[in-house]
Amino acid sequence: GQSHTVWHTLKGPAAQAFSDLIDDYNRLHPAQALTLRAFATPDALLAELIGRFGRPDAPLWVQWPAGNPEVLYGQFKSKAFENVQDFLSDSGSSAVQKASMAATAAFRNARGKWVALPLTAAVPVVMYRADAFEKAGLQTVSQFSDWKDLQNAAWRLRVTGSSCGISSPYPAWVHVENMSGWHSQPVTTRNDGEDGQAGKYAYNTLPQVRHMALIMSWVKSDLIFNGSSEQAMAAWSDGRCPILLGPSTAFGELPESVRQKVVVTPMPLWQEVSSQQGKLFPNGDGLYLIRPSNKEQQQVAAAFANHWFKPDVAARWHQATGAVPLTPEAEQMTRRAGFYERIPGWGLISSKLAQVKSAMVKPFQFAKRQDVLNAGDKEIQSAFASGKAAKSVLDDSVRSANAMVAVGDSSLTDAPVKGRK
């Protein structure tokens, strides 16, 4: 058996919003009520899970990064986790047909099925504080015309007194993986897995090197925050850096009083590389379902998953956190509530992201994605400190990524599904 517990690693306003939603769920479903348990880090959660797995006090749902389910699957028996999409289909849920591609893309396996319930799925955006722009004599814009335009804004903020211009956490995800997809440049050979799985990481071509060289020049010019992703998120949240180039979920880190002063825009384009927006690779954490041990557990798991997809619940979560809309209905409800009128730009992006078959996103279909991203972050952030050349940074990162994983050998984010039809 196992307990009716959700283990998570959410913090700050997102943790509070999740707790509020669970309280509402429990009021509506007293017979299938859930309890929450918070952990400081995914590693702490995993260590506890290893000790309790298979015991009556094991959890039902656990939060885990989308890009690294291999760690979960590698620790436990092959039948340990349910494929959430199959589980919902088998329980007769209509949620499967409603899910947006943007919310589920990061959790899809080799067969295109999403294996976890989307929790903090995000896309990279540019987000800035309108009041800081006005103070610096800058006009608020709904889209930066190009990367130099964004650079000029950061420069103006610095010379008018901001201690930092741009904060950009998770640089490998933003400036390598998504910069490539946004400009229709492959991250790997074989067209990012669309031409068959076998291939290698190859994100060190001229457009990618040139973009990294720009970011390195920002470091030297003191236009971009130089530190870890956690520190960079804090520098955005507390107002030191008025521009964020990072995950949409950074919106959820802001105090309520500041959220009204934020403008969200898509990332700029290098017009000479691509004049049209390409595709983004969402990332974030999901809730993974430990295989229910009896019918009661199945009913509890199904009740919560169906509740999570209710338009009003999904809309509240999207508004509270900046996670991409879970369903088209959640985006429409948010629009009718006037939420996007207060957050210029986010409505335009969200309307594209909320589609069941959004052309704005695609799944990233390679194994050990999170390991590769984490190693890339370290490589880039250490180069910020050392001043290493952009081409060397990407060459070394590609080498270590290909050493870390034989891309073609992946079962991708495929949850073991033995025993299921």
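1. The disulfide. In this predicted model, Cys 164 and Cys 241 are joined by a disulfide, with 1.9 Å between their sulfur atoms. A search through the whole structure finds one disulfide. The torsion about its S-S bond is about 105 degrees, so the link between Cys 164 and Cys 241 is right-handed.

2. Strand β9. This strand covers residues 285-289, and five of its five residues are buried. Which residues lie on each side of β9? Asp 285, Leu 287 and Leu 289 are on one side, and Gly 286 and Tyr 288 are on the other. Both faces are covered. As background, side chains in a regular strand alternate between the two faces of the sheet.

3. Partners of β9. Strand β3 (residues 61-65) pairs with β9 in the antiparallel sense over five bridges. Strand β4 (residues 117-118) also pairs with β9 in the antiparallel sense, over two bridges.

4. A buried glutamate. Glu 331 belongs to helix α16, which runs over residues 328-336. With a relative accessibility of 7%, Glu 331 counts as buried. Leaving aside residues up to four places away in sequence, Glu 331 touches Pro 325, Tyr 340, Gly 347, Ser 350, Ser 351 and Ala 354.

5. The chain as a whole. The protein chain has 20 helices and nine strands. Its C-alpha atoms fill a box of roughly 60 × 45 × 35 Å along the principal axes. A compact globule of 421 residues would have a radius of gyration near 22 Å, and the chain's value of 21 Å agrees with that.

6. Packing and surface. Of the 421 residues, 58% are buried. Among contacts with a separation of 6 or more, 78% are between residues 24 or more positions apart. The chain exposes about 16,600 Å², and carbon and sulfur atoms supply 51% of that area.

Terms used
Residues numbered from 1 in each chain as written. Predicted model: local features only at pLDDT ≥ 70, side-chain atom pairs only at ≥ 80, totals over all residues. Heavy atoms only, no water. Disulfide = S-S within 2.5 Å. Helix = DSSP H or I, 4+ residues; strand = E, 2+ residues; numbered from the N terminus. Buried < 20%, exposed > 50% of the residue type's maximum accessible area, 1.4 Å probe, protein only. Contact = heavy atoms within 4.5 Å. Pairing = 2+ DSSP bridges. Rg over C-alpha atoms; globule rule 2.2 N^0.38 Å. Areas by Shrake-Rupley, 256 points an atom, 1.4 Å probe, with all protein chains shown as cover.
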